[in-house]
Amino acid sequence: MTPRLDFTSEAFFRDPPKAIAALRASGPVIATRFPLVGDVWVTTTHDATAQVLKDGTTFTLRKGDGKVAGLRWWMPKLVTTIANNMLTMDEPDHTRLRSIVDEAFRRRAIVAMEPRIRAIADGLANDLFADGSPADLVQRYARILPVSVICELLGLPAADRPRFIAWANKMSSLTNVVSFFRLLLAFRKMRAYLEQQLQVARVQGGEGLIAELVQVEREGGLITPDEMVSMVFLLLAAGSETTTHLISGSVYELLRNPGLRDWLEQDRSRVGLAVEEFLRFVSPVQFSKPRYVRRDIELAGVPLKQGDRVMVMLAAANMDPAVHDQPERPDLTRKPNRHISFGTGIHFCLGHQLARIEAACALEALFARWPKLGLAVDPAQIHWRKRPGMRAIAELPVVAVDSQPVDFRDATTSRSQPNTERPSRSGEASRSPAM
C-alpha cells in the first residue's frame with residue numbers, strides 16, 4: 001500500500017529524503033491526495049518525472065476546453081485570471097507568451113545584472129543586524145534580495161518593495177482552503193496595483209519589463225491586458241518566492257554543517273558547485289503544476305487513464321539513487337549534478353540563470369560580511385511553513401560570532417555550471433564534507 005503522507009507536515013519538510021524513500025518504495029508513480037489539488041498521481045523517480053515534463057502532448061496543463069489542471073470548481077474568477085499565464089499554458093500559447101520576455105532572461109542579460117545584484121546583497125548583508133541580534137535571515141535577507149532584483153527587472157518603484165514583501169509573506173501562509181480564501185483580498189489588491197503600473201507605463205513609458213510588455217501590446221497585440229497582468233504577477237511571485245527559500249535553505253545547511261561551510265571558505269570560487277547542490281538537496285520547489293493525462297498510457301509501468309491528473313515530484317527526482325550517489329546527503333563537490341529543480345522540456349524555468357546568480361551572490365556577500373555567522377537556536381528549533389509544494393523555512397534566526405569582515409571577491413569569480421551528463425557510480429577521489 002502507498003504510505004499516507006502529509007505533504008505539509010513538519011516531518012516531511014525536516015527530512016525529505018526519508019519520506020521520499022518511503023514513497024518510492026511503493027512505486028515510481030503513486031496515487032495520492034494533494035492539498036488544494038485533490039486526487040492525483042505523483043512521480044517518485046527521475047525518469048518518470050522527466051517523461052511527464054518532456055511529453056507535452058500526453059501530459060498537458062489544460063483540458064481541451066482550456067481548463068487549467070490545478071484549478072478547482074470552487075475557485076473564483078480572480079484566481080483563474082491570475083493563473084492564466086505561460087506557466088499553465090500548452091503550445092502554442094506558451095511559446096507566444098514566453099517569447100515576449102525570453103530575451104530579458106537570457107544569460108548575457110542576467111550576467112550583466114550581476115554587479116547590481118551583488119551590490120544589493122552587500123548592502124543587505126551589511127544591515128543584517130541593524131535592528132539587533134539575533135536577526136531573522138529569511139525576512140531581513142533572503143526575502144528582500146530577490147524581491148529587490150525582480151522589481152528592478154520589471155521596472156517597479158523601489159518605494160513599493162515593502163508592499164511586495166508583505167504580499168509574499170501572505171502567499172507563504174497558503175496551506176489549505178481556509179488560508180486560500182484569506183489570500184483573495186491580497187490577490188485583489190495586487191492585481192489592482194499591477195493594472196495601475198501597466199497603465200502608468202502606457203501613459204508615461206518607462207524602463208524594465210513592464211514598459212516592454214506595453215510596447216509589445218502597442219505593436220502587435222500578441223498579449224491581452226489580462227495576460228499582461230498575469231505575466232507580471234507570475235514574474236514577481238515566481239521570481240522572488242522560490243529564490244527566497246533557496247537562499248534560506250542553503251544558509252541553513254551551511255550553518256548546521258560547519259564542514260560544508262569550511263570547504264566553501266577554502267575556495268570561494270566553489271560557490272557555483274555549492275548552489276547546484278543546494279538546488280538539488282534543498283529543492284525549494286517540491287512539485288510541478290498538475291497535468292492532465294490526455295490518453296490512456298503506462299507511465300513507468302503504471303497504467304494511467306485519460307482524464308487522470310499527475311504531478312511530478314521534483315524533490316523525489318532529485319533524491320533518486322538511480323541518478324545521484326548518496327542522494328540523502330549534501331555533497332558540494334557533486335559533479336555532474338543532474339538535479340531537475342528547474343524542470344525540463346518547454347517549461348524549463350525561465351529564470352534559472354537569475355536564481356543561480358542571486359543565490360551565489362547571496363552566499364558570497366553574507367559570508368564575506370559575517371564569516372562566523374551562526375544559528376541562534378538549535379537546528380531542531382527551525383521550522384518550515386506548512387505550504388504544500390514549497391519547502392520554505394519559516395524563520396532562520398542567526399547571530400554573528402566574533403565576525404571580522406573578509407573580502408569574498410578576492411577569489412576568482414568564475415562559477416561552475418551544471419553538467420548534464422550522468423554521474424559516475426564509482427564515486428570521487430575527493431568529496432566535500434557531508435551531513
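Residues are numbered from 1 along each chain as its sequence is written, and side-chain values use heavy atoms, with hydrogens and water left out. Because the model is predicted, local features need pLDDT of at least 70 and side-chain atom pairs count only at pLDDT 80 or more, while totals for chains, interfaces and linings use all residues.

We can begin with the inside of the protein. A nonpolar core is a set of buried Ala, Val, Leu, Ile, Met, Phe, Trp, Tyr and Cys residues joined through side-chain atoms within 4.5 Å. Here, buried means under 20% relative accessible area, exposed means over 50%, and partly exposed lies in between (1.4 Å probe, protein chains only). The largest such core has 112 residues, and F105, L128, L137, Y141, V251, L373 and L396 have the most contacts inside it. Helix α13 (residues 225–256) gives the most to this core, with 15 residues. Helices (H or I, at least four residues) and strands (E, at least two) are DSSP runs, numbered from the N terminus. Leaving aside residues up to four places away in sequence, L137 touches L128, A142, S248, V251, L366, L373, L396 and V398, where contact means heavy atoms within 4.5 Å.

Charged residues come next. Side chains of opposite charge can pair when their charged atoms come close. A salt bridge is a side-chain nitrogen of Lys or Arg within 4 Å of a carboxyl oxygen of Asp or Glu, and the structure holds 23 of these salt bridges. In one of them, D122 pairs with R118, with the closest N and O atoms 2.8 Å apart. These two residues are 4 apart in helix α6 (residues 107–126), so about one helical turn separates them. D122 is partly exposed at 23% relative accessibility, whereas R118 is buried, with a relative accessible area of 7%. R118 also lies 7.1 Å from A365 in space, C-alpha to C-alpha, although 247 residues separate the two in sequence.

A salt bridge also links R143 to E241, whose closest N and O atoms are 3.0 Å apart. R143 sits in the loop between α7 (137–142) and α8 (144–154) and E241 in helix α13, so this pair ties together parts that are 98 residues apart in sequence. R143 is buried at 1% relative accessibility, and E241 is buried at 7%. R161 forms a salt bridge with E152, the closest N and O atoms being 3.6 Å apart; R161 is buried at 16%, while E152 is partly exposed at 31%.

Two packed helices are described by the angle between their axes and the distance between the axes. The axes of helix α15 (residues 271–282) and helix α17 (residues 352–369) come within 10 Å and cross at roughly 115 degrees. Axes are lines fitted to C-alpha atoms, for helices over the stretch in contact, and angles run from 0 to 180 degrees between N-to-C directions. At the contact, V271, V275, E276, F278 and L279 in α15 meet R356, A359, A360, L363 and E364 in α17.
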